[in-house]
Amino acid sequence: MANERYVLLGVATPRARWFREVGQWAQSAAIPAEFVRCVSLAEMRARLASGRPFSAVLIDGQLGGLDRDVVAAAATHGCPVIIIDDRGPDPYRELAPAAVLVPPVTRDSLLDTLGTHAEMVGAAVVQSPTGSVPDASSRRGELVAVLGPGGTGASTAAIALAEGLAHGEHASDGPVLLADLCRSADQAMLHDSRVVVPGVQELVEAHRTGSVPPGVVRDQTFEVAGRGYRLLLGLRRQRHYVTIRPRAFDAALDSLRRTFAVTICDVDPDLEGEAETGSLDVEERHLMTRAAVARASVVFVVGAPGLKGLFSTVRLVGDLLGFGAPVDRIVPVVSRGPRNPRQRAEFSTGFRQLLEANVGDSAARMVNPVHLPERRVDEALRDGVGMPKPLPATLAAAYRAVMERAGPLAEVDAGPRRITPGSLAASADREATRRE
């Protein structure tokens, strides 16, 4: 078609020669393209989200802020990213851009790259995704999420589970990590950590533009003497959650799973996202919890005994089921539960009845609550010794039982799927034709 042309977004550092030349070529019709200049990555994101189809994004490699999330944002809108940098493709292999051009950029090299990786606006031709994709063949360890309403002992239950999987009859076949992914991170205090770095912030920052070898990932964690597992410290201040970017955090979580046989995530009980609240800020606030629960092979929900504890536990389980957690992978845990078997049975019966009233028949597939007896946990944490028996063994046995029954969680690619540039516009044209 005569009106077909490339619609290019460009963002570069000041005085970038290629930026000026591409604009001149487009203006003089030396290339069949429209060049839209952006002054920042934020403007680039806003233009991508405007609904207008773009063929490709041209980004200067020397621009600050170029990371996984920038490339992922463009890929979400079906727009390939072409990086222009005299260092070549090596620094960007983990970002998986469509192409990397080395200056000086000529019209021929630009048109060859666009012809390979981009589509002219209006052309609805099915195109296979391009660019390198991180190798997903290597085995990942299991991930476990532990959460509960405030004050129920979820953080100490996570410690006991990590110790139980690191030692004893139900020990894991490889190294175990306890990762503090709460906004109000308490594991540093509970482990009497005398240092606060490195932690999850440094680990995520290291994954913004590339992958991190397992040895380096392991060095970002601390060995917990006497308990057999390693610890990833959490946020130093609750407000620091704004520094955790989604794609970089996904990459960091994947690196943890490639490094450790079991990663136990101590997370908050908040799962709301943009779909439930209409706020992207809320979803980013709950990013670490949502990412951990979505990938968890087993989810432990720690509640308290009594009427209020029973209600809060059932409500949180309902939130997990609404989020999409498989019902047969959720393990209710009663912290400081009663010793009397009759009282335990009454709690389990009440839990089952309330759950059936909320979620219906799927409650029948839920395992019975695991009761943890009252033990001197505070004294063990204060003295830096192992958790009191039988807490570690009980939680590790519950984990093993779920894994034997349900098996490993199937890997699901949660990343964005590439949309061929022009296909959305073509779909809109077909819809308009149909209505007419």
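These legends describe close-up views of a predicted model. Local features need pLDDT of at least 70 and side-chain atom pairs count only at pLDDT 80 or more, while totals for chains, interfaces and linings use all residues. Residues are numbered from 1 along each chain as its sequence is written, and side-chain values use heavy atoms, with hydrogens and water left out.

**View 1. Helix H5 (residues 154-166) crosses helix H16 (residues 391-406).** Helices are DSSP runs of H or I with at least four residues, and strands are runs of E with at least two, numbered from the N terminus. The two axes come within 7 Å and cross at roughly 75 degrees; axes are lines fitted to C-alpha atoms, for helices over the stretch in contact, and angles run from 0 to 180 degrees between N-to-C directions. H5 and H16 are therefore roughly perpendicular (65 to 115 degrees). Residues in contact (heavy atoms within 4.5 Å) include Ala157 and Leu161 in H5 and Leu395 and Tyr399 in H16.

**View 2. An open sheet has 8 strands with mixed pairing.** Two strands pair if DSSP finds at least two bridges between them. The order is S8-S9-S7-S10-S6-S11-S12-S13. Strands S8 (222-223) and S13 (370-373) stand at the edges, each with a single partner strand, so one side of each is left without a neighbour in the sheet.

**View 3. Strands S11 (residues 298-303) and S12 (residues 330-337) pair in the parallel sense.** The pairing runs over 5 bridges. Phenylalanine 300 stands opposite valine 331 in S12. Helix H14 (residues 341-359) lies across S12 and S13, at about 140 degrees to S13.

Technical notes:
Angles under 35 degrees count as roughly parallel, over 145 as roughly antiparallel, 65 to 115 as roughly perpendicular and the rest as oblique.
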